[in-house]
Amino acid sequence: MELRHLRYFVAVAEEKSFNKAATRLYISQPPLSRQIKQLEDEVGVMLIDRENRPLKLTEAGEFFYDHAIQILKKSDDLRAMTIRKGNFDNTLSIGFVSSILYGLLPKVIAHFREAYPNIEIKLYELNSWQQTQGLVDGKIDVGFGRLLFEDASIRRMVLREESLVVAVPIDHPLVKEGRTSLRLIDLTNENLLLYPTAPRPSFIDYVLELFVARKLKANYFTEVRELHVALGLVAAGEGLTIVPKTLEHLRNQEVTYIPFEDGLITSPIVMSVRHFDKSELLKTLLNVTYQIYDAEGFDYRRERI
């Protein structure tokens with residue numbers, strides 16, 4: 001059984017016609033029919049009920065189709081990732097979520113450039129979900145995000161858990177009360193400005209899940225396009241938002257940042273790479289990240305590539 005057999009079968013299954021599938025595949029109909037017959041002979045069962053018009057898959061054919069699609073996707077993904085790997089020596093493409101770019105990522109990139117001054121670095125703002133696809137299709141080589149997704153071809157490394165803080169207008173009652181820490185329950189009746197609206201799932205969903213996990217509900221929240229919009233609205237007195245602690249320098253003349261009690265509310269910083277990719281560039285990038293964490297005094301569990 002070869003990949004072309006799978007591609008031919010999938011085309012027939014989707015077009016429900018040998019003629020239409022042959023046109024789609026740019027081959028004539030008789031060779032296509034022979035290839036499908038060879039496939040059926042090899043697996044030992046009928047995959048297509050030829051008595052129906054349009055053609056219909058047998059029960060075994062439906063099962064075979066579902067698995068053929070997965071195999072072909074993995075094959076296409078492998079091709080794209082291998083092509084990207086072949087171009088890896090001259091460029092490093094990094095996907096990131098905005099909160100990490102406004103945090104320590106610029107420092108990481110600056111230190112990496114010192115080690116590899118001749119490497120071209122390309123940056124792409126992608127949410128955690130998009131980074132997965134970017135790694136699979138070869139658009140990026142590494143991603144820095146905040147959400148964990150399961151994908152057999154991607155390795156996720158939680159670099160550290162970053163404390164979250166509440167961004168509050170400077171004249172808000174919580175500030176006037178002199179509150180030095182907050183709990184999630186304190187925010188249930190506040191207007192929360194959550195970001196980004198798209199694409200989803202995003203940090204919005206992570207924050208809402210924090211409430212659900214504690215059997216709480218955010219009764220009032222507004223979805224806004226991105227982080228800076230949320231902070232701008234906080235500065236204007238329109239509500240509160242939740243941000244990673246490393247962003248406390250943003251709008252700090254107009255916004256007060258109050259930590260959560262005992263620093264228990266956190267967000268993971270996740271580094272995503274393709275499974276089994278052990279490039280020296282990635283190893284250096286990870287080591288540089290840990291050097292900066294050490295200099296900042298962060299707690300973390302060291303990972304290896």
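## Two buried phenylalanines

Phe-9 and Phe-64 are both buried, a label for residues under 20% relative accessible area, with exposed meaning over 50% and partly exposed in between (1.4 Å probe, protein chains only). Keep in mind that this is a predicted model, where local features need pLDDT of at least 70, side-chain atom pairs count only at pLDDT 80 or more, and totals for chains, interfaces and linings use all residues. Residues are numbered from 1 along each chain as its sequence is written, and side-chain values use heavy atoms, with hydrogens and water left out.

## Ring pairs

Search the whole structure and you get nine aromatic pairs. Rings of Phe, Tyr and Trp (its six-membered ring) pair if their centres lie within 6.5 Å; planes under 30 degrees apart are stacked, over 60 edge-to-face, and the rest tilted.

Phe-9 and Phe-64 make an edge-to-face pair, at 5.2 Å centre to centre with 85 degrees between the planes. Phe-9 belongs to helix H1 (residues 3–15) and Phe-64 to helix H4 (residues 59–86), so their pair ties together parts 55 residues apart in sequence. Helices here are DSSP runs (H or I, at least four residues), numbered from the N terminus.

## The tyrosine end

Why does the pair of Tyr-290 and Tyr-300 count as stacked? Because their ring centres are 4.7 Å apart and their planes at 5 degrees. Tyr-290 is buried, at 0% relative accessible area, while Tyr-300 is partly exposed, at 23%.

Ring pairs also join Tyr-290, Tyr-293, Phe-298 and Tyr-300 into a cluster. Arg-160 lies over the face of Tyr-293, 5.1 Å from the ring centre, and its charged end sits over the ring of Phe-298, 3.7 Å from the centre. For that, NZ of Lys or CZ of Arg must be within 6 Å of the ring centre and within 35 degrees of the ring normal.

Key
Helices (H or I, at least four residues) and strands (E, at least two) are DSSP runs, numbered from the N terminus.
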